Amino acid sequence: MTVGERIKELRTQKKLTQTELAKQVGLSYIQIGRYETNKSSPSADVLHRLAATLDTTTDFLMKGTEDEAVAAQLTDKELLKQFKQVELLNPEDKNLIKTFIDAFLTKRQLQQLAQ
């Protein structure tokens, strides 16, 4: 996936038009279109502003690493940090965390069905 494709994907995930994104980063919608079609590449400064507006990192926009893809989709940075810490735990502790999460989500679903 190219830089432009990642910009477009994140923009559409946030339900922003090219015009709305352009206003937020201080560009024209025409320039956003050029980035998304790979007719132009953003400067380092623009890349930084795009990343901040799209709640991702410049590394993800440039390289699209798997870890950064998760970070791009997960907007709760504290939760992302916690998941990274869980990754460092031993398998037994990881399974315990997964069981807690599963139990909580199941409880929440049951509560919604009961309403």
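**View 1. Threonine 57 is partly exposed, with a relative accessible area of 29%.** Buried means under 20% relative accessible area, exposed over 50%, and partly exposed in between (1.4 Å probe, protein chains only). Threonine 57 sits in the loop between H4 and H5. Helices here are DSSP runs (H or I, at least four residues), strands are E runs of at least two, and both are numbered from the N terminus. From threonine 57 to leucine 47 the C-alpha to C-alpha distance is 8.9 Å, at 10 residues apart in sequence. This is a predicted model: local features need pLDDT of at least 70, side-chain atom pairs count only at pLDDT 80 or more, and totals for chains, interfaces and linings use all residues. Residues are numbered from 1 along each chain as its sequence is written, and side-chain values use heavy atoms, with hydrogens and water left out.

**View 2. Helix H2 (residues 18-25) packs on helix H3 (residues 29-36).** The angle is about 105°, and the axes are 8 Å apart. Axes are lines fitted to C-alpha atoms, for helices over the stretch in contact; angles run from 0 to 180 degrees between N-to-C directions. H2 and H3 are therefore roughly perpendicular, a class that covers 65 to 115 degrees. Gln18, Thr19, Leu21, Ala22 and Val25 of H2 meet Tyr29, Ile32, Gly33 and Glu36 of H3. Contact means heavy atoms within 4.5 Å. By class, the H2 and H3 contact has 5 nonpolar, 3 polar and 1 charged residues. Ala, Val, Leu, Ile, Met, Phe, Trp, Tyr, Cys and Pro count as nonpolar, Asp, Glu, Lys and Arg as charged, and the others, Gly among them, as polar.

**View 3. Helix H2 also crosses helix H4 (residues 44-53).** Their axes come within 9 Å and cross at roughly 115°. H2 contributes Leu21, Gln24 and Val25 to the contact; H4 contributes Arg49, Leu50 and Thr53. These divide into 3 nonpolar, 2 polar and 1 charged.

**View 4. The largest nonpolar core has 16 residues.** Such a core is a set of buried Ala, Val, Leu, Ile, Met, Phe, Trp, Tyr and Cys residues joined through side-chain atoms within 4.5 Å. Ile7, Leu21, Ile32, Tyr35, Leu50, Leu54 and Leu61 have the most contacts inside the core. Helix H1 (3-13), H2, H3, H4 and helix H5 (58-63) each give two or more residues. H4 supplies the largest share, 4 residues.

**View 5. Tyrosine 35 and its contacts beyond four places in sequence.** Its partners are Gly4, Ile7, Leu27, Ser40, Ser41, Pro42, Val46 and Leu50.

Note on methods
Parallel < 35°, antiparallel > 145°, perpendicular 65-115°, else oblique.
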